[in-house]
Amino acid sequence: MSAKAISEQTGKEFLYKYICTSAAVQNRFKYATVTTDTDWDRLTQEHPWLLTEKLVVKPDQLIKRRGKLGLVGINLDLQGVKDWLKDRLMKETTVGKAKGVLKHFLIEPFVPHKQEEEFYVCIYATREGDHVLFHHEGGVEVGDVDSKALRLMVSVDEKLDEEQVTNELLTHVPDEEKVVTHDGVYILDMAAKIDATADYICKAKWGDVEFPPPFGREAYPEEAYIADLDAKSGASLKLTLLNTRGRIWTMVAGGGASVVYSDTICDCGGVDELANYGEYSGAPSEQQTYDYAKTILSLMTREKHPEGKVLIIGGSIANFTNVAATFKGIVRAIKDYQEPLKEHEVTIFVRRGGPNYQEGLRVMGEVGKTTGIPIHVFGTETHMTAIVGMALGHREIPHQPPTDAHTANFLLNASSSAKTPAAHGRLLSQKRGQLMTPVQPRSAKVFQQNVVTSDWKEAQASSGCSGAKATTLFSKHTKTIVWGMQTRAVQGMLDFDYVCSREEPSVAAMVYPFTGDHKQKFYWGHKEILIPVFKNMGDAMKKHPEVDVLISFASLRSAYDSTVEAMQFTQIHTIAIIAEGIPEALTRKMIKMADEKAVTIIGPATVGGIKPGCFKIGNTGGMLDNILASKLYRPGSVAYVSRSGGMSNELNNIISRSTDGVYEGVAIGGDRYPGSTFMDHVLRYQDTPGVKMIVVLGEYDNKINYMCDAIFCICLQIGGTEEYKICQGIKEGRITKPVVCWCIGTCATMFSSEVQFGHAGACANQASETAVAKNQALRDAGAYVPKSFDELGDVIKTVYNDLVANGTIVPAEEVPPPTVPMDYSWARELGLIRKPASFMTSICDERGQELIYAGMPITEVFKEEMGIGGVLGLLWFQRRLPRYACQFIEMCLMVTADHGPAVSGAHNTIVCARAGKDLISSLTSGLLTIGDRFGGALDAAAKQFSKAFDSGMLPMEFVNKMKKDGKLIMGIGHRVKSINNPDMRVQILKDFVKQHFTATQLLDYALDVEKITTSKKPNLILNVDGFIGVAFVDLLRTCGGFTRDEADEFVEIGALNGIFVLGRSMGFIGHYLDQKRLKQGLYRHPWDDISYVLPEHMSM
């Protein structure tokens, strides 16, 4: 969401600090806020003017027309404010349809004034520029001030001129009042929204902005939780709670689809029972979907409903989201909440399509069977919103839903192997129960029959005037550059090209500034090809002058710069911008520049567009199975334009099932200011001979219209009425082809408080901009408008049938497309193939949302404070070891960390460091010295002592045998330490082991051996290597986490030496850093420390 309402307090702070910094604006920064927690004594200390000035008090909770509602207290002293608040603070109040509690108030100095001194100012933005509205009368009784106000439009990138203001806005203001006196201007009331997408630009000024909920709707912690998930994710996660006691809950994928489902629920009479609005989209991970789903399930299982509850898990046909992956998260949540769901008698209805949706639906159906929760599952064969009627009892639930036919590689419609739908029936009237004749074309122009030819080649056409944008954006020879390393999207485009029988790939090159120039490998049918990747866009354009389309996957932060750069190249006439959330001020600048350069922009916030048989943008149309199922590999007769990317794919499905298919489809994008409008594309379709009918899926627009009581009221608005231009085009005869149109968002007028829907451009507060008003206007103009989205496919089919009947459309025989091999990775995802893995691992899994060590999530590792010893236990021994075992491991690492620079490993590390080698090389040099003679005795000692002890040898027998065999006893002996000069490292470990280990049989055996060896020579002590080795065997055998065989196996495979290697690595790194810090030069061993001798035969 972009435009978000802010409180009056926040709005005035911004106004005073950053907008009116040099203007004569008074009462700046003089305000105080009051809530139930307010300490009046402290408040007056912080704001002493409260004790001396007359005051105004009012609720600051996004309430319109506060003066008319008696919610403004004026000309009061502080006691009067307190008395006024007693009757209102924390009291429930009704404002329009909304009921809410007054709990946040604003106190400001009272400004004495006359009625005729009040003025009204409103500033709102459109795609063309900023509109300034001014009326010389303000106040409570001003009425519909917008209709009375004088207007001035300031174009994008232009400045507001003082002379313009005086001549065009202040014409009714007496001359003596046009000059601001020393008293200045007082801002009494203010209502505003800000573009939240600009936060990354304005953060330094804005700080942490609080966005209050609309009056009548409380801010729930679950909403904040989902908002936090959304902020941390590249996906989109939204949740608005409408009625927590409602029985109808939704979990819908896609911004446009979420609005359509809400519309349908309200159309079916469920508005009072609709509990929430929300969406998840943009390919969220399994963990993100799980977190979202468990929040919904937690909320809906808190209160029982006498009729039980329904959960609608719906969505359009996804373009790129792996449906099975997201459903796995939902399934996990359902399993976790299965008992509460059954207790609350929840029935679940599922409808989804898109990549791997068959597996997702299968998993969802299985969880219903295993848990006993009634779950009804449907795919693309079922109309998107049909499950709403089923859930609310308006439609029968089919016992065995129809399934789509499959081939070895692809999902195909059952009807796609023969002809397109046959024509029958007549057009439905816009009035219930009547038939009507189709609207006759308003010109004598006759269009040729749409016969599908072998090459479907279409020449590029322009509108004929200088600087005009092209009518035809894409042809079978269109070439594009893709900005961004989006290999999956590019491969999808190449597969589409191949199945459309294009001669060459549509992608000429890619641009990615973060790597050097190179080649990227892709598939073209069965063979591999290389596509160049350039670091610089200029180089790509120079190498590929045939390119005229740019597809930009740049992030919202870099999309503006890359788009402006692309428009400097005259060869580019179409740019698709995928990024969502580009600041609106930057978007309007892009639009203005594009208009000047005759460039068509599709987006921002779009999946793109598709022209069957010719070209597709990025992920549009989904994967190849959906391309084939929706017959997008060859042109049909129907062109559409939509805002939503997900809904555009749903339109592909609806149109393919109802007509001969899509000729062209464009999703203009969900942001408030799309680069091209509905009307731009409708007029293109009107002028394209191959298009016989047009489908428009519109939305209701965003506008805020606050009534204020002020000398100067400032109101920031955002608005648009693009669909009315289509009405005008039909009435004036500019549009003569049949237009089927539906504006989503009809539910908005039924809610008691404002709800911001999934798209930035979807919200309205003015009657003419609601979806209901637009649908009626389109109906009155002569467009074909269904009664609901549920009937959209029926109306499209009826219009199509009539065009076939009168000969306008001649359906063609289907021609099977070429076969495209399925990618190995996707075939594996679908479970169609299997292959032995090159590696196996059982200690760690990084694939999910959270890193997992031996089955334990990393968050749990920290929550349990397991430390290094606990992590080592998980990764080395695949067990959660007892606390004392973890401490022992950490103590071993500490005592083996270093033993001075003289030992061979440290010496090697130092020599390498002084030779100028890097850290890794120096560390490796030291580690390579570890073996039986230095540091590697842990495993050997453990093996020798264990074997002797397990065989029943007495300590003396063991010593004698080793002596007889001529072998050293590993772990016995030290160059410096002795029985008289004990090694304190061993003593520390011995004290800990004796205190905490449950049994120390092998250690006791080794200590008995030590008594024998030290009696012969005092330095033949059990050294630190030997102690750790035998103590570790005791630990593995007695801690309760391992069988005897498992404990012995860890000794055999060399696990214990790892303790020394890991510990001593810390010391080696310390020596390396020490030498670098001391800036020691190249080491050369002194001559006097070397004994130079002649070869033995020469010395004789």
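Helix α34 is largely enclosed by the rest of the structure, because 13 of its 15 residues are buried. Buried here means under 20% relative accessible area, with exposed over 50% and partly exposed in between (1.4 Å probe, protein chains only). This is a predicted model, in which local features need pLDDT of at least 70 and side-chain atom pairs count only at pLDDT 80 or more, while totals for chains, interfaces and linings use all residues. Residues are numbered from 1 along each chain as its sequence is written, and side-chain values use heavy atoms, leaving out hydrogens and water.

Let's look along α34, residues 1024-1038. At 1.5 Å a residue, its 15 residues should span 21 Å, and the end C-alpha atoms are 21 Å apart, which agrees. That expected span is 1.5 Å times one less than the number of residues. Helices (H or I, at least four residues) and strands (E, at least two) are DSSP runs, numbered from the N terminus. At the start of α34, a side-chain oxygen of N1023 comes within 3.2 Å of the backbone nitrogen of D1025. After the helix comes G1040, with a positive phi near 90°.

Now for a strand. In β30 (residues 662-667), 6 of 6 residues are buried. Its pairings are below; two strands pair if DSSP finds at least two bridges between them.

| Partner of β30 | Sense and bridges |
|---|---|
| β27 (residues 609-611) | antiparallel, 2 bridges |
| β29 (residues 638-642) | parallel, 5 bridges |

Within these pairings, I610 stands opposite G665, and S642 stands opposite A667.

Conventions
Polar contact = N/O pair within 3.5 Å; in protein donor to acceptor, adjacent residues only side chain to side chain.
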